[in-house]
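Here are my notes for a first read of this fold. Keep the viewer open and check each point as you go.

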Amino acid sequence: MNIHIQETAQQLGQQAAHLTAQYLREAILKTGSARLILSTGSSQFETLHALVQEDVDWSKVVMFHLDEYAGLPEAHPASFRKYLKERFISLVPLGAYHLVDGNPASIPDLTNELRKAPIDVGLIGIGENAHIAFNDPPANFETKEAYITVNLNESCKRQQVGEGWFASIEDVPAQAISMTVFQIMQCRHIISSVPHKVKAKAVYDTLCSSQAVPEIPATILKTHSSFDLFLDKDSSSLITGPVVWSL
């Protein structure tokens, strides 16, 4: 695990994007193409803004993403398909992209596309409850499926309201389609952009845990062989004790 602490979220995003682009260029040079997984949410704004400005041959990149609310129309302001089309897909000439549409019936076809070749880089955010994708605690560390239907807990729903995607907890869908913990861990490189004060407790819990536990889903990332965690001054503010660097 490599921890990078920047002063601001903007600096964090630039550094995370630069490393992402480096890995993508290396994959393209080696195999002629690259495969990328993106996260969404307000914590990814700065990283995606910087990433679309990086020097990458996007025509050789295939993009996937982590999750989508079950049954949510793409036109809804909270739709992650809408988010990615506005903030990434419309801004770079991707070779191809495959979106989670929120329909469980689409999981087999999406899984087939995802597993055609290894994923080179996964941009994996960490939620306020330390979830990765929509794998809320206690996360399922056992399934070997690529995507599953999950129930969103109250903490997760509060985060979505707090970020302004929904007017109230009652408006947040009860379920989502999420990439599994197992599938996330298959990425060759994992980069986590985690800015802002609201993430400080999740960062503290993740870094100070001596075990990878379903109750703190992000702790599993510390077992990955190539994991870079990008923090800003605010999200790293609670780290005063020893960090458990590897598990």
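Two strands count as paired when DSSP finds at least two bridges between them. Keep that rule in hand for the strand points below. Note too that the model is predicted.

1. **Overall build.** The chain has seven helices and ten strands. Its radius of gyration is 17 Å, close to the 18 Å that the globule rule gives for 247 residues, so the chain is as compact as a globular protein of that length. Along the principal axes, the C-alpha trace spans about 45 × 40 × 30 Å.

2. Of the 247 residues, 54% count as buried. The accessible surface of the chain comes to about 10,400 Å². Carbon and sulfur atoms hold 50% of that surface.

3. **Contacts across the sequence.** Take the contacts with a separation of 6 or more. Residues 24 or more positions apart account for 81% of them.

4. **Strand β2.** Start with residues 34-38. Five of the five residues in this strand are buried, so β2 is largely enclosed by the rest of the structure. In a regular strand, side chains alternate between the two faces of the sheet. Here Ala34, Leu36 and Leu38 point one way, while Arg35 and Ile37 point the other way. Residues on both sides are buried, Arg35 among them.

5. **Neighbours of β2.** Which strands pair with β2? One is β3 (residues 61-65), which pairs with β2 in the parallel sense over five bridges. Leu36 stands opposite Met63 in β3. The chain gets from β2 to β3 through helix α2 (residues 45-51), and this β-α-β crossover is right-handed. Another partner is β6 (residues 121-123), also parallel to β2, over two bridges. Ile37 stands opposite Gly122 in β6.

6. **Strand β9.** Now move to residues 189-194. Five of the six residues of β9 are buried, so this strand too is largely enclosed by the rest of the structure. β9 pairs with β6 in the parallel sense over three bridges. There, Val121 has His189 in β9 as its bridge partner. β9 also runs parallel to β10 (residues 227-232), and five bridges join the two. Find Val194 and look across: its bridge partner in β10 is Leu231. From β9 the chain crosses through helix α7 (residues 200-208) to β10, and this β-α-β crossover is right-handed.

7. **Glu54.** Is this residue buried or exposed? Buried means under 20% relative accessible area. Glu54 has 19%, so Glu54 counts as buried. The residue sits in the loop between α2 and β3. What does Glu54 touch, leaving out residues up to four places away in sequence? The contacts are Gln14, Ala17, His18, Ala21 and Arg25.

8. **Aromatic rings.** The count comes to eight aromatic pairs. Look at Tyr69 and Phe80. Their ring centres are 5.1 Å apart and their planes lie at 25 degrees, so the pair is stacked. Tyr69 belongs to strand β4 (residues 67-69) and Phe80 to helix α3 (residues 80-89), so the pair ties together parts that are eleven residues apart in sequence. Tyr69 and Phe80 are both buried. Ring pairs also link Tyr69, Phe80, Phe134 and Phe166 into a cluster.

9. Most residues other than glycine have a negative phi, and most peptide bonds are trans. Check the loop between β6 and β7 against that. Ala130 lies in this loop, with a positive phi of about 70 degrees. Neither goes uncovered: Ala130 is buried at 3% relative accessibility, and Ala133 is buried at 6%.

10. Where is the cis peptide bond that joins two prolines? The bond joins Pro137 and Pro138, with omega at about -5 degrees. Pro138 lies in the loop between β6 and β7 (147-151).

Key: Residues are numbered from 1 along each chain as its sequence is written. This is a predicted model: local features need pLDDT of at least 70, side-chain atom pairs count only at pLDDT 80 or more; totals for chains, interfaces and linings use all residues. Side-chain values use heavy atoms; hydrogens and water are left out. Buried means under 20% relative accessible area, exposed over 50%, partly exposed in between (1.4 Å probe, protein chains only). Helices (H or I, at least four residues) and strands (E, at least two) are DSSP runs, numbered from the N terminus. A crossover is right-handed if, with the strands pointing away from the viewer, the path from the first strand over the helix to the second runs clockwise. The radius of gyration is taken over C-alpha atoms; the globule rule is 2.2 Å times the number of residues to the power 0.38. Contact means heavy atoms within 4.5 Å. Accessible areas come from the Shrake-Rupley method with a 1.4 Å probe; for residues, only the protein chains shown count as cover. Rings of Phe, Tyr and Trp (its six-membered ring) pair if their centres lie within 6.5 Å; planes under 30 degrees apart count as stacked, over 60 as edge-to-face and the rest as tilted.
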